[in-house]
Protein chains: 4
Amino acid sequence: MKGLQKQVDDWTKDNGGYWKPHAILARLMEEVGELAREVNHKFGPKKKKSTEGEKELGDEMADIIFTLICLANSQKIDLDKYFAKMMQKLISRDKDRWKKK
Amino acid sequence: MKGLQKQVDDWTKDNGGYWKPHAILARLMEEVGELAREVNHKFGPKKKKSTEGEKELGDEMADIIFTLICLANSQKIDLDKYFAKMMQKLISRDKDRWKKK
Amino acid sequence: MKGLQKQVDDWTKDNGGYWKPHAILARLMEEVGELAREVNHKFGPKKKKSTEGEKELGDEMADIIFTLICLANSQKIDLDKYFAKMMQKLISRDKDRWKKK
Amino acid sequence: MKGLQKQVDDWTKDNGGYWKPHAILARLMEEVGELAREVNHKFGPKKKKSTEGEKELGDEMADIIFTLICLANSQKIDLDKYFAKMMQKLISRDKDRWKKK
């Protein structure tokens, strides 16, 4: 994710800097809400009104990742590091499970 | 909340019944996302575009309550009962804290 | 909801007052997340770990309503008024649909 | 993100495959809720109980990205493509704004 974090940082520097954590979090909730709407449109009961936008699932996901990167960058968090740590935990948990059998 | 649950039930009976729990939950997320947007508009850094709707915080809250009641009704959950139980727990927790001093 | 809003207000006065809107919103997200976990436990693929709490859907809903009432009270929002306005809009929309046929 | 999407895919193949979209979305809400709790702990009014876990913001973010990748993979969505499209849109919007002045 290092490349993506850099891209967002470059853009943000030219556009007023990062918001405060609670404001970015509220924005994240807004973006997750838009993804939820698309999931209901695509896999659920809600018909799309023709007046509503044409955004796809992938677009909403990109918005969520952008917002998350803003929060990470504003707190100097290296997402690759934490992602690797999480995958490592998942994998070693599976190995433990295997040994016990 | 009994009166509100009844109102929603009457309306829903005439309008196709309740969605499945996961679909109502996704709708709830969508409504919470809209509330988050209003909170950022009103108390945070995000300027409202003139093309965006005029909904107030109270309107978004009513939408959240409606969606929550749909989920409760679809599962025959009596919200008054659970609300009273929660308040009781809060209050008795405070009393315990007091006694210990 | 007037009675519920009063109960929450009485309790909050004795417990340090309301948080700022963004903080209450973050708490709301936390509670909605807990409801989402219960929905996945009850209707979805996720097995509950035995170490996890015993909260029911109704308990999580009560927590959401409590948090929402905190936000409403802190902004002097009368939830009954907005709920009535929303139901009125739903019902009149249905009538219009009917007339057009 | 291609590398991350591959890692998640490899792990998921050995662990029962992807859930349905609505279930992954509910999980995403749960993870966002946990991030919200950490934001309130770190920047807001909520004191952490000593019994609560030690997860950091970065850990919660990694969980959100993992869940999002599960949804993307289950729908064969190439996140790099959508992220690039979004950045492109942001940047060209800024250029337009500049030209108009």
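B:W11 and B:F66 are both buried, where buried means under 20% relative accessible area, exposed over 50%, and partly exposed in between (1.4 Å probe, protein chains only). The model is predicted; local features need pLDDT of at least 70, side-chain atom pairs count only at pLDDT 80 or more, and totals for chains, interfaces and linings use all residues. Residues are numbered from 1 along each chain as its sequence is written, chains are lettered from A and ligands numbered from 1 in the order in which they are written, and side-chain values use heavy atoms, with hydrogens and water left out.

Aromatic pairs were assigned for the rings of Phe, Tyr and Trp (its six-membered ring) with centres within 6.5 Å; planes under 30 degrees apart count as stacked, over 60 as edge-to-face and the rest as tilted. Over all chains, this gives 4 aromatic pairs. One of them joins B:W11 and B:F66; the ring centres are 5.7 Å apart and the planes stand at 70°, so the pair is edge-to-face. The pair links distant parts of the chain, 55 residues apart. B:W11 sits in helix α1 (residues 2-13) of chain B, and B:F66 in helix α3 (residues 57-74) of chain B. Helices (H or I, at least four residues) and strands (E, at least two) are DSSP runs, numbered from the N terminus.

In chain D, D:W11 and D:F66 form an edge-to-face pair, with 5.7 Å centre to centre and 70° between the planes. D:W11 belongs to helix α1 (residues 2-13) of chain D and D:F66 to helix α3 (residues 57-74) of chain D, so the pair ties together parts 55 residues apart in sequence. D:W11 has 16% relative accessibility and therefore counts as buried. D:F66 is buried too, at a relative accessible area of 12%.

Copies were superposed by least squares on the C-alpha atoms of residues with pLDDT of at least 70 in both. A rotation of 180° with 0.0 Å of shift along its axis places chain C on chain D, at an RMSD of 0.0 Å. The two copies are thus related as by a two-fold rotation axis. In chain C, the C-alpha nearest the axis belongs to C:G33, 2.3 Å from it. The same surface serves both copies, as 100% of the contact residues of chain C recur in chain D. Contact means heavy atoms within 4.5 Å.

Chains C and B also meet. The contact takes 46 residues from chain C and 46 residues from chain B. About 4,100 Å² is buried between them, 78% of it on carbon and sulfur atoms. Buried area is the accessible area (1.4 Å probe) that two parts lose on being put together, summed over both. C:W11, C:M61 and C:F83 supply 14% of the area that chain C buries against chain B, more than any other three residues. Between chain C and chain B, 2 salt bridges are counted; each is a side-chain nitrogen of Lys or Arg within 4 Å of a carboxyl oxygen of Asp or Glu. B:D59 and C:K85 meet in a salt bridge at 2.9 Å, N to O.

B:E34 lies in helix α2 (residues 21-43) of chain B. B:E34 is buried yet has no salt bridge; B:K55, the nearest side chain of opposite charge, is 4.3 Å away. For charge, Lys and Arg count as positive and Asp and Glu as negative; His and the chain ends are not counted. Leaving aside neighbours within four places in sequence, B:E34 is in contact with B:K55 and B:E60.
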